[in-house]
Amino acid sequence: MRLKGNLPFMKEINRRLILDTIRRKGSLSRADLAKETQLNPSTVTRITAELINEGFIREVGYADSQGGRKPILLNLVADAVHIIGINVETTEVIGVVSNLIGEVLYKITCPIKDTSKDGILQVITQTIQQLLDAANNDGRSIVGIGLAMHGLVDCDNGIALYPPAFGWKNLAIVSLLEEKFRIPVQLENNARAMALGEWWFGAGKDLSNFIAVKVGHGIGSGIFLNGEIFRGINFVAGELGHTTLLVDGPLCDCGNYGCLEALASTKALVKRAQRSLKEGVESQILTLAGSPEQVEPEHIFKAADNQDPLAIQLLQDMGRYLGIALANLVNLLNPTKIILGGDILPGLEHILPILQTTVHSRAMEIPAHKLIIEPIKLGVNAVSIGAVSLILEEFFSTKRPNLKKDLSIWKEKQT
Ligand SMILES: [Zn+2]
């Protein structure tokens with residue numbers, strides 16, 4: 001390690017350590033901070049003075065005295081700066097402006113009509129511009145843009161490698177957006193972004209080992225191992241949807257047969273409902289949709305709420321397939337928790353019981369015994385907040401600070 005003597009690097013680590021400790025612990029005195037961070041009290045005094053000066057923390061009153069002067073408490077300024085989070089789904093782009101504690105201040109949704117590279121770039125650009133205008137009108141400064149896309153992404157070089165629903169390859173989206181908006185941009189896959197958002201503010205908070213599974217038009221997962229998101233050497237880790245479940249199963253969009261995604265995505269769910277309806281099976285799904293061609297996942301969830309036998313059967317099949325895939329994950333990675341999100345959330349009450357039974361009957365007893373399987377906590381905003389947390393990682397993480405994106409430099413950009 002060449003850390004010794006690298007003063008700007010050490011200073012940046014210490015700043016982040018202090019800022020992150022205040023974020024996690026809430027109100028703290030300088031003495032508490034020195035104890036928590038094991039930094040020298042004079043270092044704490046100097047860095048907290050800098051952070052107060054820059055507007056990231058503030059003094060918020062006094063703690064009880066243990067004899068002598070009452071210590072002053074310090075707190076994070078949640079609205080010191082703001083962040084844009086963009087979630088590029090297959091049919092729409094959802095954008096939010098959030099503060100440092102994950103509160104959504106503005107949210108807009110823009111439909112995707114043209115899925116070409118230019119079309120997608122245009123909707124993303126419009127969404128960001130609208131959010132920037134709203135933030136600027138209120139005098140809020142945006143210091144970063146997190147972008148979550150489906151499919152394969154190169155996080156380091158900011159390239160959307162292959163979003164299957166759009167069909168094209170290799171869009172250098174980060175450099176295009178950074179050139180246009182002059183704001184740092186971070187790119188991540190949408191399921192991994194969801195996992196990260198849930199780790200910061202949701203069902204994965206404070207967990208070191210958990211898996212977030214996003215089930216919608218496709219199926220992906222974010223794997224959190226030993227306190228960090230696991231990306232693999234080509235950023236492909238977590239492509240649960242393309243693991244084989246049935247050797248001679250249906251053809252998947254990826255070209256393989258019997259992938260989980262071809263059996264248990266909402267796209268597969270709709271296909272199976274359509275097939276049954278065309279075969280003449282009676283179901284409320286048809287009444288709700290109007291015709292087999294117009295079936296949407298929501299019609300199936302609604303019919304299941306009304307105890308429709310076909311809808312319940314379809315969702316139970318989905319739960320069984322997902323349960324088998326998750327049992328494999330449990331045996332492989334032994335997580336504390338698996339959290340489920342994506343478009344299946346409204347139908348989850350019909351899917352979860354059989355999914356849980358399947359996991360417990362198929363996974364090994366020890367890893368399955370204490371495993372918790374539950375829905376995500378951030379609901380429809382999970383991926384957008386996940387995108388926001390890509391920038392929060394830059395702000396607070398002491399593991400991989402990127403000196404090019406130093407906090408004070410970001411702040412200067414805005415003034
Ligand atoms: Zn596949």
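Predicted model: local features only at pLDDT ≥ 70, side-chain atom pairs only at ≥ 80, totals over all residues.
Residue numbers start from 1 along each chain as its sequence is written. Local features need pLDDT of at least 70, side-chain atom pairs count only at pLDDT 80 or more, and totals for chains, interfaces and linings use all residues.

**Exercise 1.** Find the order of the five strands in the open sheet, and explain what sets β6 and β10 at the edges.

Solution. 
- Strands are DSSP E runs of at least two residues, and helices are H or I runs of at least four, numbered from the N terminus.
- Two strands pair if DSSP finds at least two bridges between them.
- The order is β6-β5-β4-β7-β10, with mixed pairing.
- β6 (104-111) and β10 (185-189) each have a single partner strand, so one side of each lacks a neighbour in the sheet.

**Exercise 2.** Describe how β7 meets β10, and which helix lies across both at about 150 degrees to β10.

Solution. 
- β7 (residues 142-149) runs parallel to β10, joined by five bridges.
- Ala148 stands opposite Glu188 in β10.
- Helix α5 (residues 173-181) is the one lying across β7 and β10 at that angle.
- Axes are lines fitted to C-alpha atoms, for helices over the stretch in contact; angles run from 0 to 180 degrees between N-to-C directions.

**Exercise 3.** List the contacts of Ala264, leaving aside neighbours within four places in sequence.

Solution. 
- Contact requires C-beta atoms, placed from the backbone, within 7 Å.
- Ala264 then touches Val215, Ile219, Met318, Tyr321 and Leu322.

Notes. Contact = placed C-beta atoms within 7 Å.
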